[in-house]
There are 2 protein chains.
Amino acid sequence: MRKITVFCPATIANVACGFDILGLAIDNIGDTMTVTMTSHKKLEITKITGADLPMGIDENVAGVAAKAMLKDLDISCGFEIEIVKNIKPGSGIGSSAASAAGVVYAINELLDRPFSLKELVVYAMQGEKLASGSLHADNVAPALMGGFVLIRSYSPIDIISINSPTELYAVVVHPQVELKTSDTRKILKKEVLLKDSIKQNADLAGLISGLYTNDYELISRSLNDYIIEPLRSLLIPFYDKVKLTAKQNGALGSGISGSGPSIFALCKGEESAVKVKKAMLKVYIDNGLNANAYHSKINDNGVKTIKDEVLQS
Amino acid sequence: MRKITVFCPATIANVACGFDILGLAIDNIGDTMTVTMTSHKKLEITKITGADLPMGIDENVAGVAAKAMLKDLDISCGFEIEIVKNIKPGSGIGSSAASAAGVVYAINELLDRPFSLKELVVYAMQGEKLASGSLHADNVAPALMGGFVLIRSYSPIDIISINSPTELYAVVVHPQVELKTSDTRKILKKEVLLKDSIKQNADLAGLISGLYTNDYELISRSLNDYIIEPLRSLLIPFYDKVKLTAKQNGALGSGISGSGPSIFALCKGEESAVKVKKAMLKVYIDNGLNANAYHSKINDNGVKTIKDEVLQS
């Protein structure tokens, strides 16, 4: 039988002005997952290291995503799943998405690709539904497809890959605090001012335009969030200070990664990203709060195979 | 002395999902304007044909825009302005913008271009302020710069030219009804639902992406307006029927041009545009309502000089 190990990247959803519709994949932080095809028709999670997560298929995002996918296939084999979590659940950089995207990608590879990447997104979304209660794709789509991704519509699903400049780097700083998903939701308002919605639209259009034209200055001017950040940032310690520090150290812009507490920044070039990362991290260290920090080029590939073995049976 | 005649194109603002931030210039309909440089320091509107508009400098959009511009220049000459209006005031295709954009462009040419096009936009906006009470650029910017234009910010002013596919055509149908600007404003709500704002954002990002990647299908899927159209379309006779007819006849999509009553459609190729134009127009004719209709390639140039004469003094 065959066994495949994949790297499942972390992802940054929302990206300032793109609440609920934009996401991007990063490279230096992610889970690995090994899926083994077996001869008996059984789906099983055999091992999880790095996080305390449920092993039951129906309780685990990878299990749910894999099960949804296999329901649409008439096959007699089964799969054993081993997950090594490096992305801490609840960090705001797509921990559940990495597991959901990784497992559907790996099974699809083992079965010689019956599904397209966009079809895999739909199965992976089932995992996200278990994790967050809603079918959303702004982490699983970039995790599977790489790069910047726009979720234009859910009904019908319409996912667009957006160009991104080659020197664009992302920084993520994850302060070690826990946010309740219910709190990050409750703090949002159901209505927004039309004038704020127009400003946000203008920046979103500017960001997309800047990404296509490799215009770092335009990307920088457009990385604003008038709707979500003013509310959710209240839940993240030292948010304003970290954001200001990022900008002062040369970041193009920054914002909340997903629903937080991680904060992302975008930078032009690796040197700038390293400088921004250190400066953002220092804010937490100086204030006695533990934090992790990463920097990475935008990951243009998404989930990728790192080992593919044929086992002697 | 020198005398210059310019063509001032009509423009479509908003473009479905881009309320207040997007505009585009068209080609087959527009005003002409002749500006003569004189030796005495006086600004004067000497003739207006085609519409009943005030001739006083401070009461006319072209006068106000020209005056704002000249205030920043230390010159001893003056200008006489003749305007031939083909764009009916109140039609929703940038009648006032054409006058404001045309005059600042012509004077700038006569003075050997002391200002950039983007600087001219700011002067032309003063004319718009007289016409509508607010400084907006979503008609004057495309009128001056051509093509698709994004107004990312007003403070500071930030105007971005967006790519558009070469086979993209616009259709405009103008039913001969009068809308009061005050009514088209009053009908808008100050707040919008967050979920509608997200849907609109997603389509706007899709539209911008489609424009850069020449993806007509994506442009078509993205031409939706969940926020303004449901309200303002109530003021336009047979709106739903005209929109449905446009789609059934192959338009990529359609919407309200500016604040109406004109309705625009975007099409791929001239043949499609002609078919859509005829079908949209027929809805009004069949219902006993007068209407004008135009089709045009997207105008990539904006205002342009059509005659440049040096007079014997």
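Strand β7 of chain B and strand β11 (residues 291-297) of chain B run antiparallel and are joined by seven bridges; two strands pair if DSSP finds at least two bridges between them. This is a predicted model, in which local features need pLDDT of at least 70, side-chain atom pairs count only at pLDDT 80 or more, and totals for chains, interfaces and linings use all residues. Residues are numbered from 1 along each chain as its sequence is written, while chains are lettered from A and ligands numbered from 1 in the order in which they are written. Helices (H or I, at least four residues) and strands (E, at least two) are DSSP runs, numbered from the N terminus.

**Strand β7 of chain B**

- On the β11(B) side, A170(B) stands opposite S296(B).
- β7(B) also pairs with strand β10 (residues 263-268) of chain B, in the antiparallel sense and over six bridges; here V171(B) stands opposite A265(B).
- β7(B), residues 168-175, is mostly covered, with eight of its eight residues buried. A residue is buried if 20 or more other C-beta atoms lie within 10 Å of its own, exposed if 12 or fewer, and partly exposed in between, with C-beta atoms placed from the backbone.
- L168(B), A170(B), V172(B) and H174(B) point one way from the strand, and Y169(B), V171(B), V173(B) and P175(B) point the other way.

**G258 of chain B**

- G258(B) lies in the loop between β9 (253-256) and β10 of chain B, and is buried because 29 other C-beta atoms lie within 10 Å.
- Its C-alpha atom is separated by 6.4 Å from that of I93(B), although G258(B) and I93(B) are 165 residues apart along the chain.
- Beyond its neighbours within four places in sequence, G258(B) is in contact with A13(B), N14(B), G92(B), I93(B), G94(B) and N139(B). Two residues are in contact if their C-beta atoms, placed from the backbone, lie within 7 Å.

**The four-stranded sheet of chain A**

- In chain A, four strands in the order β9-β10-β7-β11 form an open sheet with antiparallel pairing.
- β9 (253-256) and β11 (291-297) of chain A are the edge strands, each pairing on one side only.
- From one strand to the next, the twist averages 20 degrees. Axes are lines fitted to C-alpha atoms, for helices over the stretch in contact, and angles run from 0 to 180 degrees between N-to-C directions.
- β9(A) is joined to strand β10 (residues 263-268) of chain A by four bridges, and I256(A) stands opposite I263(A).
- Helix α9 (residues 239-248) of chain A packs on the sheet, where it touches β7 (168-175), β9 and β10 of chain A; its direction makes about 5 degrees with that of β10(A).
- Helix α10 (residues 270-286) of chain A likewise packs on the sheet, touching β7, β10 and β11 of chain A, and its direction makes about 15 degrees with that of β7(A).

**Helix packing in chain A**

- Helix α2 (residues 95-110) and helix α3 (residues 117-132) of chain A have axes that come within 8 Å and cross at roughly 145 degrees.
- The residues of this α2(A)-α3(A) contact comprise nine nonpolar, four polar and one charged. Ala, Val, Leu, Ile, Met, Phe, Trp, Tyr, Cys and Pro count as nonpolar, Asp, Glu, Lys and Arg as charged, and the others, Gly among them, as polar.
- Helix α1 (residues 61-71) of chain A packs against α2(A) at an angle of about 35 degrees, with the axes 8 Å apart.
- In that contact, V61(A), A62(A), A65(A), A66(A) and M69(A) of α1(A) meet S96(A), S99(A), A100(A), G102(A), V103(A), V104(A) and I107(A) of α2(A).
- By class, the contact of α1(A) with α2(A) has nine nonpolar, three polar and no charged residues.

**The two chains together**

- Chain A is superposed on chain B by a rotation of 180 degrees with 0.0 Å of shift along its axis (RMSD 0.0 Å), and the two copies are therefore related as by a two-fold rotation axis. Superposition is by least squares on the C-alpha atoms of residues with pLDDT of at least 70 in both.
- The same surface serves both copies, as 100% of the contact residues of chain A recur in chain B.
- The interface brings 33 residues of chain A into contact with 33 residues of chain B.
- On the chain A side, β5 (148-154), β6 (157-162), β8 (191-193), α6 (194-213) and α7 (216-222) each supply at least two residues, and α6(A) gives the most, with 13 residues.
- That side has 17 nonpolar, eight polar and eight charged residues.
- β8(A) pairs with strand β8 (residues 191-193) of chain B in the antiparallel sense over three bridges, and E191(B) is the bridge partner of L193(A).
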